[in-house]
Amino acid sequence: MSKFKLNRNYGKNVFNDAMMKKYLPKTVYEKLKKTIGEREELDSSLAKYVADGIMNWATENGATHYTHWFEPLNDSTAEKQNAFLQTPQNKKSILEFSGSELIKGETDASSFPTGNLRATFEARGYTIWDCTSPAFLRTIDGIVTLCIPTAFISYGGESLDNKAPLLRSMQVISNESVKLLKLFKKSAKRVDSMLGVEQEYFLVDKDKYMQRKDLIYCGRTLVGAKSAKGQELDDHYYGAIRPKVLKFMTEVNEELWLLGVPAKTQHNEVAPRQHELACIYEEANISCDHNQLVMETLKRVAEKHGLECLLHEKPFKWVNGSGKHNNWSLVTDKGLNLLNPGNTPHDNLQFLLVLSCVIAAVDKYAILLRASCATPGKEQRLGASEAPPSIISCFIGEQLNDVVDNFIKNGFAADSKKGGRVKKEVNTLPELWLDVTDRNRTSPFAFTGNKFEFRMVGSNDSCAMPITIINTIVASEFKIATDKLSKSKNFNEDVKKYIQENFKNHKKIIFSGDGYSKEWEEEAKKRGLCGVKSIVDAIPAFIDKDVVKLFSDFNVLSENELKCRYEVGLENYINITNIEALTLIDIAKKLVLPASIHYTTRLANSINSIKNVSGDLDSSVQKELLEDTLKYIRDLKTDTDILEENTKKAQGIKDVKEKADAYRDKVSVYMEKVRLSVDALEMIVDKEMWPMPSYGDLLTEF
């Protein structure tokens, strides 16, 4: 039984406010606190004292090494560890951590994804301390390391990570939000971009995982016949958590709580062996850092329990994949949520202006939102009846839909629909008030009360780029509104007209129905909405001239940095698809074909044995099985050869977009054909001969 005391241990391994106050000189503490709280420019003279304090705290807790912890453009984290060690001339070792070492680190920038921003021979890159995200101690098997969250830039100053653009976008949305609030005579020093992340994942047995090359190399199964039982009975969703999983979850929570990660919700998800962990809202950059820690902790703790944590967006065909819902809002330093409609949203002009700007941003930059989470997992999952469709739309609920319609028609709304009481029928049940609107799980971008939920992000993706884009496009709409309304002579009437025009011009993006339906696909086409299904077609949005101008004007991402994201996105798709193709070829040639041929040999021997006993005995079943198996073997051999040939041709293409198109149109298509034959053979070949665990083996509950 866990004896973890949450109230005593939460944030114990974080250089938080209490530790800053304890280990820093008072004046340094106050200046650093003000810098963080008011987002002022960092006084570099503070670094020496902060470095001393952090080192003393870390070494007292057993750390011998520190690392600048950063997030390159591969959706993972990276680090280079250094010891707190300096050796003077007398050879006596001493501990030292300088202010310059805290502020800046150096690493090889050319060995990470750079989208041609850096050549192989141009190696220098810098990590820069993010003082707004607290340092923390990570303990693995008793080894303690001080981790300092940082941004990562090239020698030329271009961002090579996800954090620097996120921090820039947070500054931009804060500035524009403060200006917008002034229109309503509201003052704020800053407005924080807030984020709460829901993380889905699968757990499978480690020993079975190790018998699947596709899971090891690709994170997802490339083949696998449908199991007799999947999620049809809806018995796993919110079901009782099994003891082995609960022990795993408990250890995950305790490690995260020590790191100050506000892990709150845990439950079984829809698919068998699928689960979810959700965290409380925090500032977006801290929330993104914490989500990386969540993923790292899930993977590491799983191994201790004889499990493997799968974070791929679609590890198994036939059952639901995993997403990462990004719940986004804007909150002032005084705690005012700009997305809180209040009890009477129809006359809350500040909220309605904010809402109209968000809707306008989603409509104008829909394809960019699609590109913000354009990872290869989307090709397997997005648009299935389990995830948001590839068509970008915005759900705002019945109450706000009514307000929008009235504004478009009349230029104002006289009232708002109210929630009612639940008819309980049982005296002992407490009275319950209904929410004013239902939720829509098929919407990619849904308003859920006082926030928007962006549901397109994949379970293994970084949250940083989607939030960077949301912050920037919404800031753009805030700026347009502020520039126009700041010149108003009759603000109350002019703001209503502006809201009316925004709703009228962008109502086509609002949709409350079933986003999975064929009818919506047809309707979306009529509305002219973005319905880009392939990520290869979505990624070029990064280099669209309007996007380049917007992000350059706000200094969030330069033209070169956007081109870098375009190149990296396509290269990532190419590399992952290439690995998957080569893995599938290997599985087909070295595992499935030999096992299937062995099975046909046994069938043929069985037929011959029956003939030898008596020519009158019926061997038609064996013959039929033999014919079917031989047919699938021929199909598998033919399609595997074509897949191998197409992969080699794709590898030789130079242009990155043309190459990505080839992998999508020629390689991925034949991967599916190979899979059809493999899955058919799995249903015929003797299970004892089949060379890998089946879906039934992998997805059976503990």
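These questions and answers cover salt bridges, a surface patch and one serine in a predicted model.

Visitor: How many salt bridges does the structure hold?
Guide: The model is a predicted one. A salt bridge here needs a Lys or Arg side-chain nitrogen within 4 Å of an Asp or Glu carboxyl oxygen. The total for the structure is 49.

Visitor: How far apart are the closest N and O atoms of E106 and R124?
Guide: E106 belongs to strand β3 (residues 104-108), and R124 to strand β4 (residues 124-129). The two residues are 18 apart in the chain, and their pair links distant parts of it. Their salt bridge has its closest N and O atoms at 2.6 Å.

Visitor: Is E106 buried, partly exposed or exposed?
Guide: Buried means under 20% relative accessible area, and exposed means over 50%. E106 has 35%, so it falls in between. R124, at 37%, counts as partly exposed. The class of E106 is partly exposed.

Visitor: Which helix holds the residue that forms a salt bridge with R664?
Guide: R664 is in helix α22 (residues 656-682). R664 pairs with D537, the closest N and O atoms being 3.1 Å apart. D537 is partly exposed, at 37% relative accessible area.

Visitor: Which residues are linked with D537 in a network of salt bridges?
Guide: One partner of D537 is R664. The network also takes in other residues. Linked with D537 are K657, D661, R664 and D665.

Visitor: What separates D553 and K549 along helix α19?
Guide: Their side chains meet in a salt bridge, 2.7 Å from N to O. Both D553 and K549 are exposed. They lie 4 residues apart in helix α19 (residues 545-553), so the separation is about one helical turn.

Visitor: Which residues form a nonpolar patch on the surface with Y217?
Guide: Y217 sits in helix α8 (residues 213-218). Its relative accessibility is 52%, and exposed means over 50%, so Y217 counts as exposed. The patch has about 390 Å² of accessible area together. With Y217, its members are M210, I216 and I579.

Visitor: Is S596 buried or exposed?
Guide: S596 lies in helix α20 (residues 559-613). Its relative accessible area is 0%, and the cut-off for buried is under 20%. Therefore S596 is buried.

Visitor: Which backbone oxygen does the side chain of S596 reach?
Guide: Beyond its neighbours within four places in sequence, S596 is in contact with T629, I633, L681, V685 and W690. The side chain of S596 also comes to 2.8 Å from a backbone oxygen. That oxygen belongs to V592.

Technical notes
Residues numbered from 1 in each chain as written. Predicted model: local features only at pLDDT ≥ 70, side-chain atom pairs only at ≥ 80, totals over all residues. Heavy atoms only, no water. Patch = residues over 30% accessible without salt bridge, like charges linked within 9 Å, V, L, I, M, F, W, Y side chains within 5 Å. Areas by Shrake-Rupley, 256 points an atom, 1.4 Å probe, with all protein chains shown as cover. Buried < 20%, exposed > 50% of the residue type's maximum accessible area, 1.4 Å probe, protein only. Polar contact = N/O pair within 3.5 Å; in protein donor to acceptor, adjacent residues only side chain to side chain. Contact = heavy atoms within 4.5 Å.
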